Amino acid sequence: ATTRHYKFDIKLKNVTRVCNTTAILTANGKFPGPRIVVREGDRLVVKVVNHSPKNVSIHWHGIRQLQSGWYDGPSYITQCPIQTGQTYVYNFTIVGQRGTLFWHAHISWLRATLYGPIIILPKRGVPYPFPKPYKQVPILFGEWFNADPEAIINQSLQTGGGPNVSVAYTINGLPGPLYNCSGDKDTYKLKVKPGKTYLLRLINAALNDEIFISIANHTVTVVEADASYIKPFETDKFLITPGQTMNVLLKTKPYYPNATFFIAARPYATGTGTFDNSTVAAILEYESPTNSTLLSIMQLPPLKPTLPSLNDTPFAFNFSRRFRSLASVQYPTNVPQTVDKRFFFTVGLGTSPCPKNQTCQGPNGTKFSASMNNISFALPTTALLQSYFFGKSNGVYTTNFPSKPIIPFDYTGTPPNNTMVINGTKVVVLPFNTNVEVVLQDTSILGNESHPLHLHGYNFFVLASGFGNFDPNSDPANFNTVDPVERNTIGVPSGGWVAIRFRADNPGAWLMHCHFDVHLSWGLRMAWIVLDGNLPSQKLPPPPADLPKC
Ligand code: C2O
């Protein structure tokens, strides 16, 4: 194992897409941001220098951060933001993970432009459990806003209305040829040779949209999810929620001189609000033949794939259930077979009282809000982890996050009258090594909606999912404890539930939240504080000297 050093200079840069120039936050002037390549077992050291006028912090999404919780990155949870002119050096080891993850800003909506891939190669000499790819290509999905994302979030927070939506989706930062004012140079092209296997490292870095993807005339084999190997399966259409990553093998056809195919993507949208329903495309292009007599059959317009319809919940549900962990001798599935603590969390939207002297856009003049168990999580003004570590929780957080919803109701019936949520910074405290089971239930308060739930500091096992109300008497009989997929982000089905398990073996303060930034900022988040164990190797070390102060 080695130590890999990177430096991110955070600065504003003018970038033009779809005929609109915006000063966006970048690392080293790149959009999407720099690619990080490491091997399993390596130490990664990233020096982040903030030259921008905004406060930032960087989250290494999906990295376990074992005993290194000070470097996880969410602002006001594990650290205070890095202010203008300040530096923070993230420094952690990548243990027991290999595959694709990503890094992104974790404050306000700044991850709209500040994100990039993390590629974790297997340890030297350890092969992939699938055919060795000829080439590896990161493919990042994102959203383009014709405005400063902070202005958009403020607009949606203050009056509690739906936010302005993006004007385009992007693939590797480019909107592609299907948008007005977006041409050849705004199109990502993947040039391939015939008869080879390409490993596409897919990342959904979009702020607020789950995305359907398809490549015209090609099927792929899905081999990894959220940096865990899975039992391979083939598909010609796929879904990726914000926060998820997925490795797929694309085997190119034996012979297709100069043929081009669209890699197209558009949202899976279950909500009731407005959304960006546009389609982004990149181009898969076979190399030109060396035999010039074949040049005559070239250059038809790219073939378009068919994508699931915008609200195809059955596809989304079934697709997500196809993932199974490898559960092999080399890559065992360590799903907890017993449970110490059970939780039932409702996830969904709600409303809160409108601030005085303002007009709010929620139902009956209320403010839109989002919650878990009717608690809309308020970010503290100092970092949760520091408060916990130095025993100064007073006035920062309370430990009474409820284990079930405060307001019981039937999630599949008529929407309840009382959708008001309570604001607070409430956490659950877990003793070291607690085996935790959580059932996440979509509340469907303002209509059914899917929520990509992400857990920091852990992977969890996805035991089962279903539509309607979770039934504690009958549903557990169908829990998969043999080869459940291990992930860090799972879509709670629209109008349904999902059951997950994890072992709390990593001390620290860990956020769990909806990876739609609009829901996250409306409060759809909570935090776990996992206590130290007795052994030195089970304790969180003290914070680094350069940890930013609030
Ligand atoms: Cu990718 Cu808390 O986030």
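Before I look at any pairing: two strands pair if DSSP finds at least two bridges between them. Helices (H or I, at least four residues) and strands (E, at least two) are DSSP runs, numbered from the N terminus.

**Entry 1: ground rules.** I am working on a predicted model, where local features need pLDDT of at least 70 and side-chain atom pairs count only at pLDDT 80 or more, while totals for chains, interfaces and linings use all residues. I number residues from 1 along each chain as its sequence is written.

**Entry 2: strand S4 and its partners.** I started with S4, residues 43-50. Seven bridges join S4 to strand S6 (residues 87-93), and the two run antiparallel. In that pairing I found Val46 opposite Tyr90 in S6. S4 also runs parallel to strand S1 (residues 3-17), joined by eight bridges. There, His5 stands opposite Val45 in S4. Which residues make up the covered face of S4? I noted Leu44, Val46, Val48 and Asn50 on the covered face, with Arg43, Val45, Lys47 and Val49 on the uncovered one.

**Entry 3: the whole chain.** I count four helices and 32 strands in the protein chain. Along its principal axes, the C-alpha trace spans about 75 × 55 × 55 Å.

I call a residue buried if 20 or more other C-beta atoms lie within 10 Å of its own, exposed if 12 or fewer, and partly exposed in between, with C-beta atoms placed from the backbone. On that scale, 49% of the 550 residues are buried. Two residues are in contact if their C-beta atoms, placed from the backbone, lie within 7 Å. Among contacts between residues at least 6 apart in sequence, 78% join residues at least 24 apart.

**Entry 4: what the record says.** I checked UniProt, where an unreviewed entry annotates "domain: Plastocyanin-like" over residues 11-123, 136-288 and 401-532. UniProt positions are given in the numbering used here, feature names are shortened, and annotations may be inferred rather than shown by experiment. For residues 11-123, I find 0% helix and 46% strand, with the end C-alpha atoms 34 Å apart.

**Entry 5: the core, by way of Ile500.** A nonpolar core is a set of buried Ala, Val, Leu, Ile, Met, Phe, Trp, Tyr and Cys residues joined through C-beta atoms within 7 Å. The largest one has 147 residues, and Ile500 and Ala527 have the most contacts inside it. Leaving aside neighbours within four places in sequence, I see Ile500 in contact with Val438, Phe460, Phe461, Val462, Leu463 and Ile490.

I followed one of those, Phe460, which lies in strand S27 (residues 460-467). Why does Phe460 count as buried? Phe460 has 28 C-beta neighbours inside 10 Å. Not counting residues up to four places away in sequence, Phe460 touches Leu455, Arg487, Ile500, Arg501 and Phe502. Phe460 and Asn488 are 28 residues apart in sequence, and their C-alpha atoms are 6.2 Å apart in space.

**Entry 6: two helices.** In H2 (residues 313-320), I found Ala316, Phe319 and Ser320 buried. Seen down the axis, the buried residues of H2 fall within an arc of 90° (the arc of the directions from the helix axis to the C-beta atoms), so they line one face of the helix. Pro314 and Asn318, on the other side of H2, are exposed. The cover over the buried residues of H2 includes strands S16 (237-240), S18 (260-268) and S29 (489-492).

In H1 (residues 149-158), Pro149, Ile152 and Ile153 are buried. Their arc is only 95°, which puts them on the same side of H1. Exposed on the other side of H1 are Ala151 and Gln158. The buried residues of H1 pack against helix H4 (517-521).

Entry 7: I found a cis peptide bond joining Phe31 and Pro32, with omega about -10°. Pro32 sits in the loop between strand S2 (20-27) and strand S3 (36-39). Gln65, in the loop between strand S5 (58-61) and S6, has a positive phi near 55° although it is not a glycine. Gln65 is buried, with 25 other C-beta atoms within 10 Å. Asn373, also not a glycine, has a positive phi of about 50°. I placed Asn373 in the loop between strand S21 (367-372) and strand S22 (375-377).
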